[in-house]
Amino acid sequence: MEAIKSKVNDAGKPQASTVQGLTKDLSNAVDEMMRTDRSSATVQSACELFLRFSSLISQEKLIDANFEAVKCEYVKRGNVFIKRIEKSRSIIAKCFRPFIRSNLKVLTHSYSKVVLESLLESKAHGCVFHVFVTESQPDNSGRRMAEKLRQSGIQTTLILDSAVGYIMESIDIVVFGAEGVMETGGIINKIGTLGIAICAKAMNKPVYVMAESIKFIKEYPLNQSDTPNKFKYRYSTLESKKDALDDEHPLTDYTPPQYLNLLITDLGIFTPAAVGDELIKLYT
Amino acid sequence: MADQVAVSRLRDRVNLYFHKTAVRESSSKLALRMLSFFEDLVRYAHYETAEQLIAILRAEGELLYAAHSNEFIIRNMLLVVLRGVRDECLTQTSGSDDTLPQADSLNHFQRLWFLPAPNQVQINSAQLRSGVLDFIKEMKEEINVSAEMISNQAGHQLVKTDTVMTYKLSQSGTLKKFFSLFRAKTIYSVDDDPSAPANVISSVEILSTMKLTTRVVLSAAAILPDGSVVAPAGTLNVCLAAKRHSVPVVFCAGYYKLTPMFIPHLDEFNVQGRPTDVLPASEALKFSNVSVANPLFDLIPAHLITLVLTQSSAKTPLHVYRLISDYYHLEDFRQLDR
């Protein structure tokens with residue numbers, strides 16, 4: 001989100017006086033952002049989609065000789081983009097409400113703002129349920145999630161990452177956020193997601209993924225080693241240890257679509273098979 | 001105000017239709033009656049723009065669906081008609097017969113992320129009216145021939161020497177047509193009444209008979225976009241037995257049963273039949289501490305189904321979602337409340 005906002009500000013400021021110059025400036029800004037350590041799959045896909053969205057201004061407007069007007073147009077579209085993204089989470093929360101009934105036991109992994117917002121919304125509508133959150137090492141982000149859930153009065157239990165197999169038999173549904181949604185319908189998410197998904201499948205528990213549409217990435221990985229390194233490691237790690245990545249722990253893993261039941265996005269609820277079609281529509 | 005009176009009279013008449021029928025008619029008849037209701041609305045209501053027509057149809061349709069929320073077909077037909085209205089609108093504004101607009105990529109973004117601005121273009125309402133009425137007539141025709149068109153595909157799916165198992169043959173119009181047009185060598189019908197044109201077996205014999213079966217053909221009550229199916233209660237047994245013995249399961253349904261809604265738990269939607277079907281009233285006093293349930297539907301998950309036959313196509317459950325966008329328009333079902 002912040003990435004996009006800074007991009008829009010950039011669009012308002014540049015010295016470029018032609019459209020091509022502007023596009024190049026924007027791409028440079030994107031590259032700069034990719035080079036920071038905060039870059040993750042989400043930021044990368046969001047930047048790409050933002051670039052596409054802003055540059056697809058209809059041809060008539062581009063022919064306008066007044067470049068200031070064109071720049072204004074870019075900034076306006078940037079703002080429209082931002083407003084739409086801000087609404088994504090509430091749309092997803094609304095879509096998710098029918099899936100939660102009372103007295104349900106929900107398992108989730110690590111800290112995800114989308115999942116948090118959806119669970120809070122269901123609680124606000126009067127559903128009483130119990131959430132189990134994995135600690136999710138190495139950064140202990142599950143703890144933050146449990147804190148936030150407890151603050152709004154949802155019964156929460158923090159469990160060890162290794163306790164997932166033990167707890168799975170008493171769970172009713174499993175919910176993940178996603179850092180990126182692939183063209184296969186699979187997702188990239190915090191490391192550990194794949195293990196939980198396989199366990200859920202083995203015990204016949206439904207797995208739902210919540211992701212905004214800006215997280216759609218046009219990649220088609222076939223297995224873990226196929227996933228591009230830029231999604232798995234931070235940029236600084238990639239730069240410093242370019243040839244010796246074997247010793248590094250990846251931060252994310254790829255969960256193939258056969259372990260997922262449904263993807264809930266702001267464009268609607270999809271089966272993993274349908275996500276590829278939607279992706280194509282976004283990227284053409 | 002004349003149109004308000006007309007609309008309320010139509011509303012009363014359709015509600016009466018629901019109350020009069022003691023036994024539920026077949027789904028196709030219900031679908032036809034719904035289409036007639038919307039057709040009359042289009043014909044007699046007063047509107048200037050397409051937006052107004054859509055608002056009227058949606059208001060009446062949602063009201064009816066709220067009163068009878070276990071009948072998905074009501075909303076399915078509403079969505080079909082709304083799609084017809086939007087298509088008609090598009091055809092008229094673009095001025096050509098091409099129903100697929102050559103939208104540029106920007107429009108894709110716009111349509112996916114923003115609900116489009118209300119149609120400002122003034123459409124000739126008389127032309128819109130006649131266009132939509134023609135569309136509804138076509139849709140009705142499709143319903144009438146749906147059973148036959150499904151049966152025409154039987155030749156691709158079955159051979160004469162197949163042993164076929166089905167469920168409650170005599171209660172499904174689609175299945176009756178299917179088997180009358182295609183005589184398989186042996187047909188087993190589970191839990192049917194003895195007069196059915198098949199070997200009737202009871203549900204306890206499903207597993208033992210499944211060993212001899214080569215195909216299972218069933219009728220769906222509703223098809224959901226993730227490929228799962230709502231079917232008459234008891235069908236789940238047949239499907240699980242078929243999975244156990246690796247027998248392909250084929251579900252037949254007309255397009256009016258395609259429901260653009262996901263059902264995570266069927267309990268919220270399941271219709272209960274009469275408890276006296278399970279426990280006769282004369283025994284009720286003896287069993288006063290027993291709660292009698294008579295759910296009418298089962299939810300069959302997608303992994304138990306091999307093929308879904310509609311009148312136009314045969315699709316695997318993974319690809320059923322494509323049919324949804326064939327028949328319904330994105331804007332209408334994306335913002336559905338339950």
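Trainee: In strand 7 of chain A, which residue is the bridge partner of Phe176(A)?

Mentor: That partner is Val209(A). Strands here are DSSP runs (E, at least two residues), and helices are runs of H or I with at least four, numbered from the N terminus. This is a predicted model, where local features need pLDDT of at least 70, side-chain atom pairs count only at pLDDT 80 or more, and totals for chains, interfaces and linings use all residues. Residues are numbered from 1 along each chain as its sequence is written, chains are lettered from A and ligands numbered from 1 in the order written, and side-chain values use heavy atoms, without hydrogens and water.

Trainee: How many bridges join strand 4 to strand 7 of chain A?

Mentor: There are 3, and the two strands run parallel. Two strands count as paired if DSSP finds at least two bridges between them. Strand 1 (residues 104-109) of chain A is also joined to strand 4 of chain A by 3 bridges, again running parallel, and Leu107(A) stands opposite Val174(A) there.

Trainee: Are the side chains of strand 4 in chain A buried or exposed?

Mentor: Ile173(A) and Val175(A) point one way, Val174(A) and Phe176(A) the other way, and all are buried. Buried means under 20% relative accessible area, exposed over 50%, and partly exposed in between, with a 1.4 Å probe and protein chains only.

Trainee: Nice. What is the strand order of the sheet in chain A?

Mentor: The open sheet of 7 strands goes 3-2-1-4-7-9-10, with mixed pairing. Its edges are strand 3 (155-159) and strand 10 (268-270) of chain A, each pairing on one side only.

Trainee: Switching to helices: at what angle do helix 6 and helix 7 of chain A cross?

Mentor: The axes of helix 6 (residues 113-124) and helix 7 (residues 141-151) of chain A cross at roughly 20° and come within 11 Å. Axes are lines fitted to C-alpha atoms, for helices over the stretch in contact, and angles run from 0 to 180 degrees between N-to-C directions. The two helices of chain A are therefore roughly parallel; that label covers angles under 35 degrees, with over 145 roughly antiparallel, 65 to 115 roughly perpendicular and the rest oblique.

Trainee: And which residues of helix 6 meet helix 7 in chain A?

Mentor: Val115(A), Leu116(A) and Leu119(A) meet Met145(A), Lys148(A) and Leu149(A) of helix 7. Contact means heavy atoms within 4.5 Å.
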